[in-house]
Amino acid sequence: MKTPPTPTSTRTPTPFGRALCAMVTPFTAEGALDLDGAQRLADRLVAGGCDGLVLSGTTGESPTTTDTEKSALVRAVREAVGARASIVAGVGTADTRHSVELARAAEKAGADGLLAVAPYYSRPPQDAIEAHFRELADATALPLTLYDIPGRTGVRIEPETMIRLAGHPRIVAVKDCAYDLMGTQKVLARTDLAYYTGCDEYVLALYALGGAGYISTVANAAPRHFRSIIDRFDAGETAEAARLQQRALPLTELMMAKDLPGAVTTKALLGRLGLPSGPVRPPLRPATERTKDELLAAYEELTA
């Protein structure tokens, strides 16, 4: 792949950078937290062009890591990357009080920002969702990113709710996995929220509409390629940006398959590449050997 041109973007600076990776949480073969592996993976991702790392998100298996492990992960990654990249800690839970506790712990551990999904399972109404995020934003001095992913939480952060929340001084960004470009554009037009796509197939589409960048799962394996998409766009090479986006489609489709969570496919591919990953924790199950072979073949085609 050719070296990307120097970006010429005149966009407003984003709170955490433009190219963020939703990093997996490496485990040892026995299933324990692998902090050394996390540091090595974080260093590789930053060297590959990631401006920031999102820890303990969905891809980071946050439902099956303990509060202590989450804090230890932030501290270890901060030690590894220093000031070279931002660290955004996932703190979203179904319990407002627990989310507040995680937010305060992440702040103490050295995170630069927070990421929180809408409270899941209980399906609260919009006024309750708004109150939840306001309490979370008030709990620390860190900027908060709202994570809109109704396919997992069972509830949407509606555009009008986003617009109201944008008035809070510490609610600064959105990770958008709602698959609603109309609603996204409504919020973009009426707020200063930095919109990051969390859907790898929409990196260029949302960026072209005025988005801030991406929080990518596939970037765990191919950080330079995804960084090149937005760099080419910033350099005015829109056709090349589109070609790079389309070139990544086979790997993206495999890694973000509907029947397999991204944590499973990402760890499967990283394992084949000899990179820190380890097993997934139950109830997730490892990918089959056939899936691993398909992932590796798609990766090799992309990086050839």
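Colleague: What is the general idea behind a salt bridge, and how many salt bridges does the count come to here?

Modeller: Side chains of opposite charge can pair when their charged atoms come close. In this predicted model, the count comes to 19 salt bridges.

Colleague: Which residue forms a salt bridge with Glu-61?

Modeller: Lys-267 does, with the closest N and O atoms 2.7 Å apart. Glu-61 sits in the loop between strand 2 (52–55) and helix 2 (67–81), and Lys-267 belongs to helix 12 (residues 262–272), so the pair ties together parts 206 residues apart in sequence.

Colleague: Are Glu-61 and Lys-267 buried or exposed?

Modeller: Both Glu-61 and Lys-267 are buried.

Colleague: Where do Glu-69 and Arg-281 lie?

Modeller: Their side chains meet in a salt bridge, 2.9 Å from N to O. Glu-69 is in helix 2 and Arg-281 is in the loop between helix 12 and helix 13 (289–303), so this pair ties together parts that are 212 residues apart in sequence. Glu-69 has 16% relative accessibility and counts as buried; Arg-281, at 13%, also counts as buried.

Colleague: What separates Glu-289 and Lys-292 within helix 13?

Modeller: They are 3 residues apart, so about one helical turn separates them. Glu-289 and Lys-292 form a salt bridge whose closest N and O atoms are 3.2 Å apart. Glu-289 counts as partly exposed at 47% relative accessibility, while Lys-292 is buried, with a relative accessible area of 19%; the cut-off for buried is under 20%.

Colleague: Which residues are linked with Glu-289 and Lys-292 in a network of salt bridges?

Modeller: Arg-272 and Asp-293 are linked with them in that network.

Key
Residues are numbered from 1 along each chain as its sequence is written. This is a predicted model: local features need pLDDT of at least 70, side-chain atom pairs count only at pLDDT 80 or more; totals for chains, interfaces and linings use all residues. Side-chain values use heavy atoms; hydrogens and water are left out. A salt bridge is a side-chain nitrogen of Lys or Arg within 4 Å of a carboxyl oxygen of Asp or Glu. Helices (H or I, at least four residues) and strands (E, at least two) are DSSP runs, numbered from the N terminus. Buried means under 20% relative accessible area, exposed over 50%, partly exposed in between (1.4 Å probe, protein chains only).
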